[in-house]
Amino acid sequence: MSSKKQAIFISSLVILWYSSNIGVLLLNKFLLSNYGFRFPIFLTMCHMAACAILSYISIVFLKIVPLQTLKSKSQFVKIATLSIVFCGSVVGGNISLRYLAVSFNQAVGATTPFFTALFAYLATLKREAWVTYAALVPVVTGVVIASGGEPSFHFFGFVMCISATAARAFKSVLQGILLSSEGEKLNSMNLLLYMSPIAILVLLPAALIMEPNVVDVTLSLGREHKFMWLLLLVNSVMAYSANLSNFLVTKHTSALTLQVLGNAKGAVAVVISILLFKNPVTVIGIGGYMITVAGVVAYGEAKRRFR
């Protein structure tokens with residue numbers, strides 16, 4: 001009976017993880033492209049505000065994980081650095097959604113392992129087995145093919161998406177280097193608790209300078225569309241839920257299971273986005289995305305076998 005309960009619990013976590021990740025992605029696209037809310041920096045700030053508040057409630061009051069305190073000024077500076085890189089990756093991804101279809105956005109995002117391997121090598125000069133690097137060839141090749149077959153290709157959107165993907169990989173590598181000592185390591189929920197307020201302090205002036213009419217337009221949209229504030233609230237809560245569920249799924253499943261689920265999640269997001277937004281796709285584009293996903297799967301397997 002206990003194993004059955006555990007299976008139901010893990011299944012519920014996976015459903016929450018999928019729905020939160022895919023939900024926030026699709027809502028971002030809807031708000032930024034279809035709703036007239038063209039403020040990716042401010043939207044990211046709303047996400048960070050929700051993450052800051054809900055992280056504090058989850059850790060301090062609900063005690064989902066123990067509170068880890070910062071132990072030095074050096075540790076704070078490292079977390080602030082990670083927060084700035086994290087901001088860049090999220091803002092870049094949201095900007096790209098204004099110009100690119102979700103399906104193509106996901107195809108480009110699937111190249112994260114390529115950038116992770118590149119930055120890891122540049123930072124540590126440690127080489128992986130040649131089979132591992134060989135697996136990255138289809139990852140890049142698939143995106144090149146998908147780009148050529150993308151009917152709604154937008155160069156600026158593509159550059160922002162690639163930049164966001166690279167920043168996400170860089171943050172992962174940087175985190176492993178900066179918070180490598182046992183005394184400074186934080187679990188992902190505590191790291192989010194400390195990064196979120198710093199991100200708000202970075203994003204608020206950026207939004208006011210680069211999106212000067214954000215307050216007027218947001219208030220105007222709120223008056224015109226009665227569900228505007230609800231959408232923004234649900235979107236922001238989903239952003240936190242995506243982080244929380246990712247942490248819980250990681251905690252309660254194996255690395256291999258997480259990898260398989262992560263690859264499948266991207267494919268599910270692509271299918272749902274095509275059905276919802278009805279963006280045109282081509283056989284070449286789908287073929288390129290499938291090659292990329294196959295490369296990601298092969299890369300994960302090679303890393304596991306040759307570790």
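Here is a short chat about a predicted model of a single chain.

Q: Hi! How many helices and strands are there in the chain?
A: Hello! The chain has 13 helices and zero strands. Along the sequence the pattern reads α-α-α-α-α-α-α-α-α-α-α-α-α.

Q: And how compact is the chain?
A: As compact as a globular protein of that length, because its radius of gyration is 19 Å, close to the 19 Å that the globule rule gives for 307 residues. The C-alpha atoms fill a box of roughly 55 × 50 × 50 Å along the principal axes.

Q: What share of the residues is buried?
A: Buried residues account for 46% of the 307.

Q: Among contacts between residues at least 6 apart, what share joins residues at least 24 apart?
A: That share is 87%.

Q: Let's go inside, then. How many residues are in the largest nonpolar core?
A: The core holds 58 residues, and those with the most contacts inside it are Phe37, Phe42, Met189 and Leu203. Several helices each supply at least two of its residues, among them H1 (2-34), H2 (40-61), H3 (73-99) and H8.

Q: Which residues is Leu203 in contact with?
A: Leaving aside neighbours within four places in sequence, Leu203 contacts Ile41, Thr44, Met45, Met48, Cys87 and Val91.

Q: Speaking of cysteines, how many disulfides does the count come to?
A: The count comes to zero. A disulfide is a covalent bond between the sulfur atoms of two cysteines. For Cys46, the closest cysteine sulfur is the one in Cys51, and at 11 Å it is too far for a bond. Cys161 is in no disulfide either, with the nearest cysteine sulfur, that of Cys87, 18 Å away.

Q: Are those two buried or exposed?
A: Cys46 counts as buried because its relative accessibility is 14%, under the 20% cut-off. Cys161 is buried as well, with a relative accessible area of 4%.

Q: New topic: H1. What should its 33 residues span, and how far apart are its end C-alpha atoms?
A: At 1.5 Å a residue, H1 should span 48 Å, and its end C-alpha atoms are 46 Å apart, which agrees. Just after H1, Gly36 takes a positive phi of about 85°.

Q: What about H5, how far does that one reach?
A: Helix H5 covers residues 112-124, and its 13 residues reach 18 Å from first C-alpha to last, close to the 18 Å expected.

Q: Which residues of H5 are buried, and what covers them?
A: The buried ones are Thr112, Pro113, Phe115 and Ala117. Their cover includes helix H4 (102-109), helix H6 (130-134), helix H7 (136-148), helix H8 (155-178) and H13.

Q: What comes just after H5?
A: That would be Leu125, with a positive phi of about 60°. Most residues other than glycine have a negative phi. Leu125 sits in the loop between H5 and H6, and it is exposed, with a relative accessible area of 61%.

Q: Now H13. Where does Thr292 lie, and what does it touch?
A: Thr292 lies in helix H13, residues 283-305. Not counting residues up to four places away in sequence, Thr292 touches Ala107, Ala110, Pro138, Val139, Gly142 and Val143. Its relative accessibility is 0%, so Thr292 counts as buried.

Q: Last one: what does Leu174 touch?
A: With residues up to four places away left out, Leu174 touches Thr81, Leu82 and Val85. Leu174 is found in helix H8 and is buried, with a relative accessible area of 14%. Its C-alpha is separated by 10.0 Å from that of Thr116, 58 residues apart along the chain.

Notes. Residues are numbered from 1 along each chain as its sequence is written. This is a predicted model: local features need pLDDT of at least 70, side-chain atom pairs count only at pLDDT 80 or more; totals for chains, interfaces and linings use all residues. Side-chain values use heavy atoms; hydrogens and water are left out. Helices (H or I, at least four residues) and strands (E, at least two) are DSSP runs, numbered from the N terminus. Buried means under 20% relative accessible area, exposed over 50%, partly exposed in between (1.4 Å probe, protein chains only). Contact means heavy atoms within 4.5 Å. A disulfide is a pair of cysteine sulfur atoms within 2.5 Å. The expected span of a helix is 1.5 Å times one less than its number of residues. A nonpolar core is a set of buried Ala, Val, Leu, Ile, Met, Phe, Trp, Tyr and Cys residues joined through side-chain atoms within 4.5 Å. The radius of gyration is taken over C-alpha atoms; the globule rule is 2.2 Å times the number of residues to the power 0.38.
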